[in-house]
Amino acid sequence: MPHANTIAVILAAGKGTRMHSDKPKALQTLLGETMLGCVAATAAQVAASVLTVVGHGHELVRKAHPELAEGFVLQAEQKGTGHALQAAWERVRASGATHCLVLNADAPLVTPQDLDELMNTAREGADIAFLSAVLPDAGSFGRVLRGDDGEVTGIVEAKDFDPAQHGQDTGEVNTGLFCLSVAAVEAVLFSLTSANRAGEYYITDLVAHGVAAGMQVHALRREAALDLLGVNSPLELAQAEERLRSATAQRLLESGVLLHHPESVVVGPRAVVEPGAELTGPCRVLGASVVSRGARLGAFSQITDSVLEPGCEVREHCHLQGAHLSPGSDCGPFARLRPGAELRERAHVGNFVEMKKSVLGPGAKAGHLSYLGDAQIGAGANIGAGTITCNYDGVNKHATHIGANSFIGSNTALVAPVKVGANALVGAGSVITKDVPDQALAIARGKQSNLERRGKKS
């Protein structure tokens, strides 16, 4: 449950130079989801409201995440994490929240449980609470400093850390996750300076400022907590993605999902796979897809934002996006179902059939080599090989209606807008430009002529 008096601020303004990508770092993806999307979904589970500080490539971020637009705060000049929090502070203050949770958009594996523990530490009296991790190789992460009594005294960024000045490197690093008392931090936030090698305002300097002001500062220390750390390079992104993929596959197996070759099964964070579903790797289930109990997904297939109801089957080498398969229906191999494609009960789509914004009625069949776009196809209809619904006239899309139990012969072009009635028969090779009545036979093709072949004597 979200904490009513907590607001979350996600820092997503960075460029991410080490990613070597034109995309803002927050838009790098794992398992089909942007890192920002993962972090925002987690934050929304624990905070009453979420702000996102954007900067570099903010237009791309807004386009990718319109659902977060209400909470966007623009950091026009990227002067560091402390400056980013300053940019959002007026809205933090106006929210009336007592606590502010600060997250980085490049830490997609943080869980609601991690954040709950951090917030509980803050609510037990800490004015500044943050999560730290002990690593065998601290690398480029900011070092946590402690006094002789073990209490936190500050955080020093890696490029500014000097053992002669700061003492032995213990490997304890800052994860970038903070929970701040709004009232307490108000007094020191705008006292941050850029007196460091990078010339930036660091949010980590709040710790030393808080200690100097007599605040309660507490680090919730974790051992080797890789999932709390930010992703800064393609290698780290691939490692984080694999940890998430493997953990998801393990969770699904333990819940009762049948996974063949689980090491090559990819299921995204928003996807739902019910116990009793059967997936054969390599395959990918992405977006807000739902795979119901008894549904089967074959190898080398990918489904995105699609629903597989109980008892349906997606055979090998299929690509589904925004599709819906009803109980007992099946598609593939090598089928492509685009947004709006719907197979009703027991409907069948075979190899090399493409559907877009079309409904294949109960028991209807489109066996092979067809394009069905903007079409409504009745129950029991049979669509012959090579059938095309010609739905686009160069300016507008038009609909095709095919009645129940009708039979469309092979290599037929249905030039929309057009209707074929129930129980109608369309001869193979026809180009249908006019409506076909119920129970009618329609043939629209040139008359065959057999002529003597020239230039060759027997």
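So, start with the largest pocket: 36 residues line it, and the ones nearest its centre are Arg-18, Lys-25, Thr-81, Asp-106 and Asn-232. Before I go on, this is a predicted model, where local features need pLDDT of at least 70, side-chain atom pairs count only at pLDDT 80 or more, and totals for chains, interfaces and linings use all residues. Residues are numbered from 1 along each chain as its sequence is written, and side-chain values use heavy atoms, with hydrogens and water left out.

What do I mean by a pocket? On a 1 Å grid over the protein atoms alone, a pocket is an open set of points where a 1.4 Å probe fits, with protein on both sides within 12 Å along at least five of seven lines, and lining residues have an atom within 4 Å of a point. The largest pocket holds about 1200 Å³ of space, where a volume is the space filled by probe spheres set on the points, joined across faces, edges and corners.

Who builds that lining? Strand E1 (3–12), helix H3 (81–95), strand E6 (99–104) and strand E10 (172–181) each put in at least two residues, and E10 has the largest share, with four. Helices here are DSSP runs (H or I, at least four residues), strands are too (E, at least two), and both are numbered from the N terminus. By class, the lining has 13 nonpolar, 16 polar and seven charged residues. Nonpolar is Ala, Val, Leu, Ile, Met, Phe, Trp, Tyr, Cys and Pro, charged is Asp, Glu, Lys and Arg, and the others, Gly among them, are polar.

Now the second largest pocket, at about 460 Å³. It has 18 lining residues, with Pro-108, Val-110, Thr-111, Leu-244 and Pro-269 nearest the centre. Helices H1 (35–46), H4 (112–123) and H8 (234–255) each supply at least two of the lining residues, and H8 gives the most, five.

On to the charges. How many salt bridges does a search of the whole structure find? The count is 19, taking a salt bridge as a side-chain nitrogen of Lys or Arg within 4 Å of a carboxyl oxygen of Asp or Glu.

Lys-25 sits in the loop between E1 and strand E2 (29–30) and Asp-106 in the loop between E6 and H4, so the pair ties together parts 81 residues apart in sequence. Lys-25 is buried at 13% relative accessible area, and Asp-106 is buried too, at 12%. Buried means under 20%, exposed over 50%, and partly exposed in between, with a 1.4 Å probe and protein chains only.

Next, Asp-169 and Arg-143 meet at 2.9 Å, N to O. Here Asp-169 is partly exposed at 34%, whereas Arg-143 is buried at 10%.

Last pair: Asp-227 and Arg-243, 2.8 Å from N to O. Asp-227 is in the loop between strand E11 (217–223) and H8, and Arg-243 is in helix H8, so this bridge links parts 16 residues apart in sequence. And there's a network, too: Arg-146, Glu-172, Arg-221 and Glu-223 are joined by salt bridges that share partners.

That's my tour, happy to take questions.
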